[in-house]
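I set out below what I looked up in this two-chain model.

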Amino acid sequence: MAQAFITMAQAVDGPGARARAGDLAAFEALMRQHERLVLVTALRLLGNMEDAKDVSQEVFLRLYRNLDRVEAANNYQAWLYRVTVNLCHDIGRKRRPSVAVEDVPELVSGADDPHQSLTGAERQRVLQMSLRALSAKEREALVLRDLEGLSTEEVARALGSSEATVRSQISKARVKMRDFVERYFRRRV
Amino acid sequence: MNCVAWEERIALYAGGDLAPAEAQAVEGHVAECSGCQLLLSGLRESLALVREAHAEPVEAAHFAAVRARVLAKLDGAPTRRWRFAWMGALAAAVVVLAVVPWPQRELRMAVPMPNAPAAPAVARTVLPSHPNPVEQAAAPPMVVKLLTDDPNVVIYWITDTKGE
C-alpha cells in the first residue's frame, strides 16, 4: 500500500510528471537517474564510447517523446533496456561482424591469473574483446543477464525472445567467454 | 551422458540459473569429473573477471556529454507544454466553428420543367437580393479570444454574420 502511495506521488510530483509538463531540469534529473544503465549497456553492446553516446542520446530523446506512455507503464528500466538494445542491434548490424573465438589473436599478458596483476584498462580490454567473440544475440543476453543482473525473464522480455532461447544463448555465451579468457591468459584446459 | 552434454547445464549452473534439482545433478556430475571441474572453475573465473570490469566506473564526462547533447536538442524544439497548448487552441477553434451560426442563406434547387430541356442537376446558392439593412447594421463582427498557457500569446478569431 505504501509503495502504491509513493508511486502515485511520483506520478503527480516526480521528475517524470514535471518533465512531461516541459520542465527540462526535471528531465535532466531523470537522465541522471538512468544514464549509467543506458550508456554502459550501449558501450558493452557496441564496444566503443562514441557509438554508445550516440545511442544514449537517441534513447533519451525517444524517452522524452514517449514520457506519457513510459510513465504510465511505470517501468523505466524495462523500456530503457529494450530501446537501448534495439538501437544497438541496428547499429551493430551495420558496422561490425562478430569475431570467432578461434580468430581472436592470443595476447601476451604478464598475468597468469585473471584476478592478479591486471590493471583496470586491461580488464576493460579483456571484457570488450571477449564480448566481441560472441554473436549479437549472445552478447545481448550475456550483457543483460551477467553484467546488468537482470533475471532470465526480464532479459527475455527486453530481447523479445523466449526464456528457453535466452538460457541457451547465455550458456553458449558463457562458454565462449571462458574460452576467450583461457586463450587470453594462455591457459588451455 | 558425455561431458559435452553437460556443458550447457554447467554454464547455467555457474551463473546460478538452474533449478535446485538440476543444480544438484550438475554438482553430482562435477564431483566425479575433473574435466567438468576445470570447466566450471574457468566459467566462474571468467564471469568474475568480466563482472569486475563491468562494475568499474565510467568517466563522468561521458555522461555529462550525453546530457548536454540531449538537452541542447530539446531546448531548440517546441516544448511538450507548447505542443499541448496549440492542440487546446485548435480544439477551441473547432468548438467556435461549431457554435457560431452560419450566415442566413437561401438555398434554392433548380427544378426542371416538364417540357423544358433537362437542366444540369446543380444546386445553386442564391443570396437574398435585398438584404435587410437593419439586420445588417445590428450585427457587429464577432471576436473570439483564445487564451493559451503563455500570457503573452492570445489568439483572436474574428468573423461576421455575412461569413466574410
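**Entry 1. Confidence**

I began with chain A, whose mean pLDDT is 83, with 79% of its residues at 70 or more; pLDDT is the predictor's confidence in each residue, from 0 to 100. This is a predicted model, in which local features need pLDDT of at least 70 and side-chain atom pairs count only at pLDDT 80 or more, while totals for chains, interfaces and linings use all residues. Residues are numbered from 1 along each chain as its sequence is written, and chains are lettered from A and ligands numbered from 1 in the order in which they are written.

I then asked where confidence in chain A is lowest and where it is highest. Helix 1 (residues 2-13) of chain A has the lowest mean, 46, and helix 8 of chain A the highest, 96. Below 50 I found residues 1-11 of chain A, a stretch with four contacts in the model beyond near neighbours in sequence. Residues 104-109 of chain A are also below 50, with ten such contacts.

For chain B I noted an average pLDDT of 74, with 58% of the residues scoring at least 70. In chain B the pLDDT stays under 50 over residues 104-111, for which the model has twelve contacts beyond four places in sequence. It also stays under 50 over residues 119-136 of chain B, where I found 14 contacts beyond four places in sequence. For the model as a whole I recorded ipTM 0.81 and pTM 0.68.

**Entry 2. The two folds**

I counted ten helices and zero strands in chain A; helices (H or I, at least four residues) and strands (E, at least two) are DSSP runs, numbered from the N terminus. Chain B has six helices and four strands, and I read its order along the sequence as α-α-α-α-α-β-β-α-β-β.

Of the 189 residues in chain A, 39% are buried. I call a residue buried if 20 or more other C-beta atoms lie within 10 Å of its own, exposed if 12 or fewer, and partly exposed in between, with C-beta atoms placed from the backbone. In chain B, buried residues make up 13% of the 164 residues. Among contacts with a separation of 6 or more, residues 24 or more positions apart account for 67% in chain A and for 42% in chain B.

I checked the length of helix 2 of chain B: at 1.5 Å a residue its 13 residues should span 18 Å, and its end C-alpha atoms are 19 Å apart, which agrees. The expected span is 1.5 Å times one less than the number of residues. Helix 2 of chain B is hardly covered, with one buried residue among its 13.

**Entry 3. The core**

Which residues touch the most other members of the largest nonpolar core? I found A:Ala42, A:Val59, A:Ala141, A:Val155 and B:Ile10, in a core of 65 residues. Such a core is a set of buried Ala, Val, Leu, Ile, Met, Phe, Trp, Tyr and Cys residues joined through C-beta atoms within 7 Å. Helix 3 of chain A gives the most to this core, ten residues. Domain 1 (1-96) and domain 2 (99-189) of chain A both give residues to this core, so it lies between them; the domain bounds come from an automatic or database domain assignment.

I followed B:Ile10 further. Leaving aside neighbours within four places in sequence, B:Ile10 is in contact with B:Val26, B:Val30, B:Cys36, B:Leu39, B:Leu40 and B:Leu43.

**Entry 4. The interface**

I found 38 residues of chain A in contact with 35 residues of chain B. On the side of chain A that touches chain B, two or more residues come from each of helix 3 (24-46), helix 4 (49-65), helix 7 (120-132), helix 8 (136-147) and helix 10 (163-184) of chain A. Helix 10 of chain A gives the largest share, nine residues.

**Entry 5. Two alanines**

I placed A:Ala29 in helix 3 of chain A, where it counts as partly exposed because it has 15 C-beta neighbours inside 10 Å. A:Ala133, in the loop between helix 7 and helix 8 of chain A, is buried, with 22 other C-beta atoms within 10 Å.

Technical notes. Two residues are in contact if their C-beta atoms, placed from the backbone, lie within 7 Å.
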